[in-house]
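Trainee: I am new to this structure and would like to learn how to read it. Could you walk me through it, please?

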Amino acid sequence: MKPIDDIDIRLLKLFLVIADSGGFSAAQYQLNMHQSSISKKMSDLETRLGMTLCQRGRGGFHLTNDGLKVYEISKELFLHINDFQEKINDIRTVSSGSINLGLTDNLATNRDCHIQSAISTFCRTYSKVNINTKIYDTSLIEKNLLENNLDIGVTSPEVFKNGLQYIYLFNEQQFLYCSPSHPILAIKRTATIDDILNHPVVDRGLAHNVTPLSYANDDLYKSKTTSMEATAHMILSGYFIGYLPEHYARIWVDRGEMVKISTVDGLEYNPNFYLTMNDQNDLSCAAKALVAAITNAHDINENTDLEYLLNKVSE
C-alpha cells in the first residue's frame, strides 16, 4: 500500500460514518451523498487497503474482522488528529497576543526573585507575545486583577483577598535603616521598639498594619508610602527611619549614605511574595505558559495548590 495521504484520510472518515450509521443507506443522509457514490468510495478504500472492510447485501451490513480492526485504529487515528489540531491551536494562540503583568517595585535586586529568568525562558519560546508590565503596590495589583485589568501579578500581601489565588514564590529580609547622621545611632546599645518610635518613621501606606512597627504603634508616623523608592528618599533625607529590603539598600550602605540599625528581636520583617491571579478567570494559553515559566523558575513544590494550575497549563 502507498503511504497514507489526504484521499485515504477522507475515505477513512467516510468509513467511520458508514460503520457508526450501520450501513450505506443510513450514512447517505449524514454524508449528503447518493448511496452509489458511497459504495464507490468504499470500494476505492478497500482497494487502497487491499482488504474487505464490510459485507453488504441481502444479509445486511456488517464489518468483517479486518473491518473491525480498521475501524478501531481509524478512531484512534482521528483522536490523535484532533489532539494535534488542538495543540496547534494552542500554539497559535500562545504565539501571539498580549499578557498584562503586574509587579511590586524593586524586585530585580533580590537574588531569590527569578522573574527575569522566567521571562527570558518564556520569550525564547513565545517571542511574538507582548508582555505589558506595570509596577504597582500590592493593593493596586490586587485591585487590577479583580477588575481583569491584569492577567498575572507578583504581590506581597499581608492579608489575602477573596477572589484571588496566591502561590508562594520567595521572600526577602527587610531591615530598619537611617542616615549616618541620624541621632538613633548615638544609642550605644541595641535599639528597642520604643527607641525607634521616639523618632519619625516612614512606613507602608496601607489601610492595615504591615510592618512590626505599625503593629506596635500606628499613631507616631510622619510619613507613609507604598513605594520602596519613596521610602529610600525619606531615609536618605536624614530625618526618617524606615524599612528597606537588604538587597535594595545595599547600594547606599556601600556608599556610606545609609546605615542598618541594630535592633532587638521583634522588629524583623520578612515579607513573602506570591504569584497572584484572579481565581475566577481562565487564563489565556500565553498567560498559562508564563505562569508555568515563573513557577518552574522558582522550583515550586507541585504538592502545593499549584498542581492544579500546572495541570491546566499542560492541557
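Mentor: Gladly! We begin with a definition: a salt bridge is a side-chain nitrogen of Lys or Arg within 4 Å of a carboxyl oxygen of Asp or Glu. Keep in mind that this is a predicted model. The general idea is that side chains of opposite charge can pair when their charged atoms come close.

Trainee: How many salt bridges does a search of the whole structure find?

Mentor: The search finds 9 salt bridges. One of them joins the side chains of Asp-44 and Lys-40, with 3.1 Å from N to O.

Trainee: How far apart are Asp-44 and Lys-40 in helix H3?

Mentor: They are 4 residues apart in helix H3 (residues 35-49), so about one helical turn separates them. Asp-44 is partly exposed, at 30% relative accessibility, and Lys-40 is partly exposed too, with a relative accessible area of 49%.

Trainee: Which residue does Glu-147 meet in a salt bridge?

Mentor: Its partner is Lys-143, and the N to O distance is 3.0 Å. Glu-147 counts as partly exposed at 42% relative accessibility, and Lys-143 is partly exposed at 44%.

Trainee: And which residue forms a salt bridge with Glu-246?

Mentor: That is Lys-260, with the closest N and O atoms 3.1 Å apart. Glu-246 belongs to helix H10 (residues 246-255) and Lys-260 to strand E11 (residues 259-260), so this pair ties together parts that are 14 residues apart in sequence. Both ends are partly exposed: Glu-246 at 26% relative accessibility and Lys-260 at 37%.

Trainee: Now for the sheet. In what order do the 5 strands lie?

Mentor: First the general idea: strands of a sheet pair through backbone hydrogen bonds, either parallel or antiparallel. Here the order is E4-E3-E5-E12-E6, in an open sheet with mixed pairing. Strand E4 (130-135) and strand E6 (164-171) stand at the edges with a single partner strand each, so one side of each has no neighbour in the sheet. On average, neighbouring strands are turned by 20 degrees against each other, direction ignored.

Trainee: Do strands E5 and E12 run parallel or antiparallel, and how many bridges join them?

Mentor: Strand E5 (residues 152-155) and strand E12 (residues 272-278) run antiparallel, joined by 3 bridges. To find the pairing on screen, look for Gly-153, which stands opposite Thr-276 in E12.

Trainee: Which strands does helix H6 touch as it packs on the sheet?

Mentor: Helix H6 (residues 138-146) touches strand E3 (98-103), E5, E6 and E12, and its direction makes about 160 degrees with that of E5. Helix H11 (residues 285-297) also packs on the sheet, touching E3, E5, E6 and E12; the direction of H11 makes about 165 degrees with that of E12.

Trainee: Last one: at what angle do the axes of H1 and H3 cross?

Mentor: The axes of helix H1 (residues 6-21) and H3 come within 10 Å and cross at roughly 120 degrees. The two helices are therefore oblique to each other, and H1 passes H3 in a left-handed crossing. Among the contact residues are Leu-11 and Phe-15 of H1, and Met-42 and Leu-45 of H3. Asp-44 of H3 takes part in this contact as well, and you have already met Asp-44 in the salt bridge with Lys-40.

Conventions: Residues numbered from 1 in each chain as written. Predicted model: local features only at pLDDT ≥ 70, side-chain atom pairs only at ≥ 80, totals over all residues. Heavy atoms only, no water. Buried < 20%, exposed > 50% of the residue type's maximum accessible area, 1.4 Å probe, protein only. Pairing = 2+ DSSP bridges. Axes fitted to C-alpha atoms, helices over the stretch in contact; angles between N-to-C directions. Contact = heavy atoms within 4.5 Å. Parallel < 35°, antiparallel > 145°, perpendicular 65-115°, else oblique. Left-handed = near helix turned anticlockwise from the far one by under 90°.
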